[in-house]
Amino acid sequence: MSTKNKFSTRCVHDGEIKDTMYQGIVSPLFMSTTYPWFGGDAEKKPYPRYFNTPNQEFLSKKIASLENGEKALIFTSGMAAISTSIMANVKSGDHVIFQEDLYGGTRNFIKTEFDKYGIEYSFTNGLESEDFTNEIRDNTVGIYVETPSNPLLKIVDLKSISSVAKENSIWTMIDNTFASPVNQNPIDHGIDIVIHSATKYLGGHSDISAGAVVSTEKNINLILNSAKNFGGNLSDYTVWLLERSMKTLFIRVREQTNNAKLLAKMLEENSNISRVYYPGLESHPSYLIAKNQMKDFGAMMSFDLNENIDVYKFLKNLKVIKPGMSLAGVETTVNFPMKTSHGLLTQDERDNQGIGNKLIRLSVGIESYKDLFNDLDQAIKNS
Ligand SMILES: *Cc1c(COP(=O)(O)O)cnc(C)c1O
């Protein structure tokens, strides 16, 4: 990108719309769904579903800048960004390789839609680059990854995956939601297309549904052609709200990450916790890869409570920390994958995926670390 400002400055200022009428400090909101087809800026023909209204275009510049990409598109949900970006890059007869563990909605999309269109897919049997190489066929067109992954915070090595793809002249796509652009910029490691559920860290206040994709201008123009057909554009009002939220992205996620690093250590030292899944712990099997490719380790983690702890008692005992299906808001939330995201799987399937019956996922917020520590500590002690 043209701008040379530091990340936190770009969060605040990139993609601002200048208020030329009143010189107000924040971007004006343009809600028009129709613009002239002659005179004025008729060349552009802004229209919400063309993804080119003023607020869409300017916020896209902020998101592209934060991911070190050339261009971005904003969608109505993370799944709209994921499904549109994938469908724009496949046709009947093609084959795509997916990382073994993926966000449930993405896995469901592949399993329910691909067969209908004659698109082949395979899931890897592991996270090493050989696990991806092993799945390559003559008709393979791309590789899709998610790192850190949900809910076990597994890590894949972005540089080695992107070189496998380059050797085979195929594309790479990543769901970068868990890291956020604050903690990981996959384009810097050779990944082609970066996707976010902006419902999570980009929005950050648990009150916006949105998605985004970032890549080169060429790739984004290709995705845009499909995006106009699928129609997953975000309302300009919500685009404006998302811009407002993203001004604080850096300080929010930095604080969340700092809290998470302390909490992960505290949980690892607690004798009533049998295992902590957090890429910032040296005990994490991919700690060194994470250290290498992430700017910091993020604010999502999971842990297994000991057998003697009553999970429901633990969840009820929490006072500051709330139960939450989703994640990444300024408030700390807990999720119980066995009953929620992975509740429909059989015990065998859960065992295979490493989803234990005492596994808790923690989305760390911006509250005081001391209060979070005390809340977890008392809830564990009294369960
Ligand atoms: C939530 C989430 C999605 C889907 O995003 P929506 O905004 O709910 O459509 C995709 N990937 C990850 C990792 C997520 O956490």
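Strands β10 and β11 (residues 333-335) run parallel to each other and are joined over 2 bridges; here helices (H or I, at least four residues) and strands (E, at least two) are DSSP runs, numbered from the N terminus, and two strands count as paired if DSSP finds at least two bridges between them. Within this pair, K322 has T333 of β11 as its bridge partner. The model is a predicted one, in which local features need pLDDT of at least 70 and side-chain atom pairs count only at pLDDT 80 or more, while totals for chains, interfaces and linings use all residues. Residues are numbered from 1 along each chain as its sequence is written, and side-chain values use heavy atoms, with hydrogens and water left out.

The β10-β11 pair belongs to an open sheet of 5 strands, whose order is β8-β9-β12-β11-β10 and whose pairing is mixed. At its edges lie β8 (273-277) and β10 (322-323), each pairing on one side only. Helix α10 lies across β8, β9 (300-305) and β12 (359-363), and makes an angle of about 15° with β9. Contact here means heavy atoms within 4.5 Å; axes are lines fitted to C-alpha atoms, for helices over the stretch in contact, and angles run from 0 to 180 degrees between N-to-C directions.

A further open sheet has 7 strands in the order β1-β7-β6-β5-β4-β2-β3, again with mixed pairing. Its edge strands, β1 (71-75) and β3 (120-123), each pair on one side only. On average, neighbouring strands of this sheet are turned by 20° against each other, direction ignored. Helix α4 (residues 104-113) packs on the sheet and touches β2 (95-98), β3 and β4 (140-146), with its direction at about 140° to that of β3. Strands β5 (residues 171-175) and β6 (residues 193-197) pair in the parallel sense over 3 bridges, and D175 has I195 of β6 as its bridge partner.

D175 also takes part in the surroundings of the ligand. In total, 14 residues surround the ligand (a heavy atom within 4 Å), and the closest are G78, M79, D175, T199 and K200. Polar contacts (pairs of N or O atoms within 3.5 Å) are found at several of these residues. A polar side-chain atom of D175 lies 2.5 Å from a ligand nitrogen, a side-chain N or O atom of T199 is 2.6 Å from a ligand oxygen, and a backbone N or O atom of G78 is 2.8 Å from an oxygen atom of the ligand. The protein covers 91% of the 380 Å² of accessible area that the ligand has on its own, as given by the Shrake-Rupley method with a 1.4 Å probe.

The model holds 9 salt bridges, each defined as a side-chain nitrogen of Lys or Arg within 4 Å of a carboxyl oxygen of Asp or Glu. One of them joins the side chains of E16 and K247, with 3.7 Å from N to O. Because E16 sits in the loop between α1 (7-13) and α2 (54-66) and K247 in the loop between α9 (236-246) and α10 (249-269), this pair ties together parts that are 231 residues apart in sequence.

The peptide bond from T147 to P148 is cis, with omega near -5°. Another cis bond joins N150 and P151, with omega about 0°, and P151 is found in the loop between β4 and α6 as well. L153, also in this loop, is a residue other than glycine with a positive phi, near 55°. Most residues other than glycine have a negative phi, and most peptide bonds are trans.

Notes
A polar contact is a pair of N or O atoms within 3.5 Å; within protein, one must be able to donate a hydrogen and the other to accept it, and residues adjacent in sequence count only if both atoms are side-chain atoms.
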